[in-house]
Amino acid sequence: MESNDTIDDSVNKFNPVLDSISHTTDESKEEIQTDCKNYYNNAKKYWSNVSPTVDGMLGGFGSISFIDIRGSEQFLKHIYKQKSNPGSRRALDCGAGIGRISKNLLLPMFEQVDLVEQDEIFCQTARIELADFGSKLGTVFNAGLQDFTPEEDRYDIIWIQWVLGHLTDEDVVQFFTRCAKGLARGGMIVIKDNFTTGNEVDVDTQDSSVTRPLLLMKQLLKLGHMRVVKEQRQSSFPKELYPVYMLALRPTIKK
């Protein structure tokens, strides 16, 4: 592995869109920026044609929703058993879709939950689905994570599930940096995502996303000044799915 200010080429050679722009010429920078725009636009177009249902959010695997939520709930409970646990006032649900995670996990646990989601139809559906929570439902931001900046010092938990594969490496690092500033004192970021079993990155051209190795994600976390304080694999998912890990993170740079 290279020094902590670069990404190991052995796991980052997969894609000209996701490679760091800082290592390119001016001409190729313009190319990559155009590719990045297409990358995000293609994902937006894909999700605009997905049904605003639990089954749609989970790619036809709606049946795993209960197991997924229970695994996340247990993970959060372990986090709150720690001596320096986060507060329980506000949470942010990133890439929230129609609010499945907010409804079943975050809103029952926190005083208020904000959501951020790029698809307007999903946002509208979430507002309807979560209306019964009243004032516990905060703001539903209609934005892509690559363009979103959390309010500083606001959130006890920032939950990021099954969405980082839609961001370029560069934007993942920058998003972690912005999220760190959005954490309240003692707050944590939790990511839950698919990971490949080896050192290869799988590219899905249909929905314009990638599935990274866990090693690469940890390198991106390091570049974003985050450290892993707890790691756990989700159990009981169908064998044909990617391994899913939950990582609880804290900033390495104290405020």
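Leaving aside its neighbours within four places in sequence, which residues is Thr211 in contact with? And what is around that spot?

Analyst: Once its neighbours within four places in sequence are set aside, Thr211 is in contact with Asn194, Phe195, Thr196, Glu200, Val201, Asp202 and Tyr242; contact here means heavy atoms within 4.5 Å. Before going on, bear in mind that this is a predicted model: local features need pLDDT of at least 70 and side-chain atom pairs count only at pLDDT 80 or more, while totals for chains, interfaces and linings use all residues. Residues are numbered from 1 along each chain as its sequence is written, and side-chain values use heavy atoms, with hydrogens and water left out.

Thr211 lies in strand β7, residues 209-211. Strands (E, at least two residues) and helices (H or I, at least four) are DSSP runs, numbered from the N terminus. With a relative accessibility of 12%, Thr211 counts as buried. The scale, with a 1.4 Å probe and protein chains only, is buried under 20% relative accessible area, exposed over 50% and partly exposed in between.

The structure holds 1 cavity of 30 Å³ or more, and the largest cavity has a volume of about 40 Å³. Its lining is made up of Leu164, Gly165, Asp193, Asn194, Phe195, Val210, Thr211, Arg212 and Met217. β5 and β7 are the elements that give two or more residues to that lining. By type, the lining of the largest cavity splits into 4 nonpolar, 3 polar and 2 charged residues. Here Ala, Val, Leu, Ile, Met, Phe, Trp, Tyr, Cys and Pro count as nonpolar, Asp, Glu, Lys and Arg as charged, and the others, Gly among them, as polar.

How is a cavity told from a pocket? On a 1 Å grid over the protein atoms alone, a cavity is a set of points where a 1.4 Å probe fits but cannot get out, whereas a pocket is an open set with protein on both sides within 12 Å along at least five of seven lines; a lining residue has an atom within 4 Å of a point. Grid points are joined across faces, edges and corners, and a volume is the space filled by probe spheres set on the points.

Phe195 turns up both among the contacts of Thr211 and in the cavity lining. At 2% relative accessibility, Phe195 is buried. The structure holds 7 aromatic pairs. Rings of Phe, Tyr and Trp (its six-membered ring) pair if their centres lie within 6.5 Å; planes under 30 degrees apart count as stacked, over 60 as edge-to-face and the rest as tilted. Tyr80 and Phe110 make an edge-to-face pair, 6.4 Å centre to centre with 65° between the planes. Since Tyr80 sits in helix α4 (residues 65-80) and Phe110 in the loop between α5 and β2, that pair ties together parts 30 residues apart in sequence. Tyr80 is partly exposed at 21% relative accessibility, while Phe110 is buried at 1%. Back at our spot, Phe195 and Tyr245 have ring centres 6.2 Å apart and planes at 65°, so they are edge-to-face. This pair links distant parts of the chain, with Phe195 in the loop between β5 and β6 and Tyr245 in strand β9 (residues 244-251), 50 residues apart.

In α8 (residues 214-223), the buried residues are Leu214, Leu216, Met217, Gln219, Leu220 and Leu221. After α8 comes His225, whose phi is positive, near 60°.

β7 has a part in the largest pocket as well: together with α2 (26-48), α5 (100-106), β2 (112-117), β5 (183-194) and β6 (202-204), β7 is one of the elements that each supply at least two lining residues. The largest pocket holds about 1,000 Å³ of space. Its lining runs to 43 residues, and the closest to the centre are Trp47, Met57, Trp162, His166 and Asp207. α2 gives the most, with 4 residues. The pocket lining divides into 24 nonpolar, 13 polar and 6 charged residues.
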